[in-house]
Amino acid sequence: MSAPLPPAFDQQWIVVTGASSGLGRAIAVELARQGARVALVGRDEERLRATAALLHGAEHRIVVLDLARHEDIVPAMTTLRAEVGPLHGLCHAAGIVETRPLSSNSVEVVRSQLDVNLIAGLELARAVCRRDVIAAEGGSLLFISSVYGRVGMPGQIGYCATKGAIVAAVRAMALELARRGIRANCLSPGLVYTEMTRRSLGKLSAEHVQKIEAAHPLGIGEPEDVARAAAFLLSGAARWITGADLPVDGGFTAQ
Amino acid sequence: MPNMTLQEALTWIAEVFEEPAGRIVRDTKRSEIPGWDSLGTLSLIAALDERFDIQLAEDAIEGLRGVADLLDVLRERGALAEA
């Protein structure tokens, strides 16, 4: 019988965006459970503190940051590095979704989603991967995409564009960063009940929601289902995985 | 919240469903507006929220039979001046 596995993270610092709720919160909790120290990034300090209270005493930092203000991202990560030492990873779970058919779409609506879902992710990667920020041995970057980066959905044109774009960007990032021992991956969840998805689905009819639910052969996911997969991709157990996009969707995209 | 006249409201509804201004009148039925399909409903939900801060779910919109019902919603929510 093999010995028990050591913790996946040996007190390594991982930055988690969108940590004030939903998937980001669940991922931060799971990372802490597996031995990581986490930097919780979000706009609302009170809600970040609520996440911190779930970390069972794990060391953490709260970084209040509006990710749409791209110019603030590098200074925030540089400051964090100065406070806690080298960073080992990033999980960009923050995201915005706006249901807009083409006829009611607008430049502003598309841009607001691009700003957070894509551009902030790229800027976070740049900030965390600076040679004076990331650990000398390298690290791991994870971007929470969506099944809608792979398949279409009426009313989600802008959102699909941002989620597909991050998957494409991560493939190039993985190739560029491999020589420095930095891995970059995406994880594409199907429907998981979070505050954000409940708000979005709340605008749809019961029949419409039932159709979406029925499209997941294993049923609707829990945030913890995504969190466990995220922790795996961020950990050394995934040391030979880079440039991948892992569907965690109850079979949604297998059809 | 804007307090529109009836004519302004009809023009706004025409814009939401991409109809020529003037084709939409108080008695226009939903079935007479090609753009008021399931996606049109989503566009209407977004437009009501963005323009008037009115949040209606898809089920509530599904119950509207035409322009007159939609005008009632606008009036009840204070977006349309009383006739």
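This is a predicted model: local features need pLDDT of at least 70, side-chain atom pairs count only at pLDDT 80 or more; totals for chains, interfaces and linings use all residues.
Let me start with chain A as a whole. Its secondary structure comes to eight helices and seven strands. The radius of gyration is 18 Å, close to the 18 Å that the globule rule gives for 255 residues, so chain A is as compact as a globular protein of that length. Along the principal axes, its C-alpha atoms fill a box of roughly 50 × 50 × 40 Å. Buried residues account for 46% of the 255. Now the contacts in chain A between residues at least 6 apart in sequence. Of these, 71% join residues at least 24 apart.

Next, the sheet. Chain A has an open sheet of seven strands, paired in parallel, in the order 3-2-1-4-5-6-7. Which strands stand at the edges? Strand 3, residues 60-64, and strand 7, residues 245-248, of chain A. Each has a single partner strand, so one side of each is left without a neighbour in the sheet. From one strand to the next, the twist averages 15°.

Look at one pair inside that order. Strand 5 of chain A, residues 139-144, runs parallel to strand 6 of chain A, residues 182-189, and six bridges join them. Take two positions along this pair. Phe143(A) has Cys186(A) in strand 6 as its bridge partner. Ser140(A) stands opposite Arg183(A), also in strand 6.

Two helices pack on this sheet. Helix 2 of chain A, residues 45-52, touches strand 2 (37-42) and strand 3, and its direction makes about 160° with that of strand 3. Helix 5 of chain A, residues 157-177, touches strands 5, 6 and 7. Its direction makes about 160° with that of strand 6 of chain A.

Stay on strand 6 of chain A. How many of its residues are buried? Eight of eight, so to speak of cover: the strand is mostly covered. In a regular strand, side chains alternate between the two faces of the sheet. Here, Ile182(A), Ala184(A), Cys186(A) and Ser188(A) point one way from strand 6. Arg183(A), Asn185(A), Leu187(A) and Pro189(A) point the other way.

On to the cores. In soluble globular proteins, nonpolar side chains tend to be buried together. The largest nonpolar core in this model has 63 residues. Which of them have the most contacts inside it? Val16(A), Ile27(A), Leu31(A), Leu40(A), Val128(A) and Ala230(A). Zoom in on Val128(A). Leaving out residues up to four places away in sequence, Val128(A) touches Val15(A), Met77(A), Leu87(A), Leu90(A), Val133(A) and Ile134(A). A second, separate core has 22 residues, including Val16(B), Leu48(B), Ile61(B) and Ala79(B).

That brings us to chain B. Helix 1 of chain B spans residues 6-16. Its buried residues are Ala9(B), Leu10(B), Trp12(B), Ile13(B), Ala14(B) and Val16(B). What covers them? Among the elements that do are helix 2 (38-52) and helix 4 (67-76) of chain B. Just after helix 1 of chain B, Glu18(B) takes a positive phi of about 55°.

Last, the contact between the chains. Chain A gives 13 residues to it and chain B gives eleven. On the side of chain A that touches chain B, four residues are nonpolar, seven are polar and two are charged.

Technical notes
Residues are numbered from 1 along each chain as its sequence is written. Chains are lettered from A and ligands numbered from 1 in the order in which they are written. Two strands pair if DSSP finds at least two bridges between them. Helices (H or I, at least four residues) and strands (E, at least two) are DSSP runs, numbered from the N terminus. Axes are lines fitted to C-alpha atoms, for helices over the stretch in contact, and angles run from 0 to 180 degrees between N-to-C directions. Two residues are in contact if their C-beta atoms, placed from the backbone, lie within 7 Å. A nonpolar core is a set of buried Ala, Val, Leu, Ile, Met, Phe, Trp, Tyr and Cys residues joined through C-beta atoms within 7 Å. A residue is buried if 20 or more other C-beta atoms lie within 10 Å of its own, exposed if 12 or fewer, and partly exposed in between; C-beta atoms are placed from the backbone. The radius of gyration is taken over C-alpha atoms; the globule rule is 2.2 Å times the number of residues to the power 0.38. Ala, Val, Leu, Ile, Met, Phe, Trp, Tyr, Cys and Pro count as nonpolar, Asp, Glu, Lys and Arg as charged, and the others, Gly among them, as polar.
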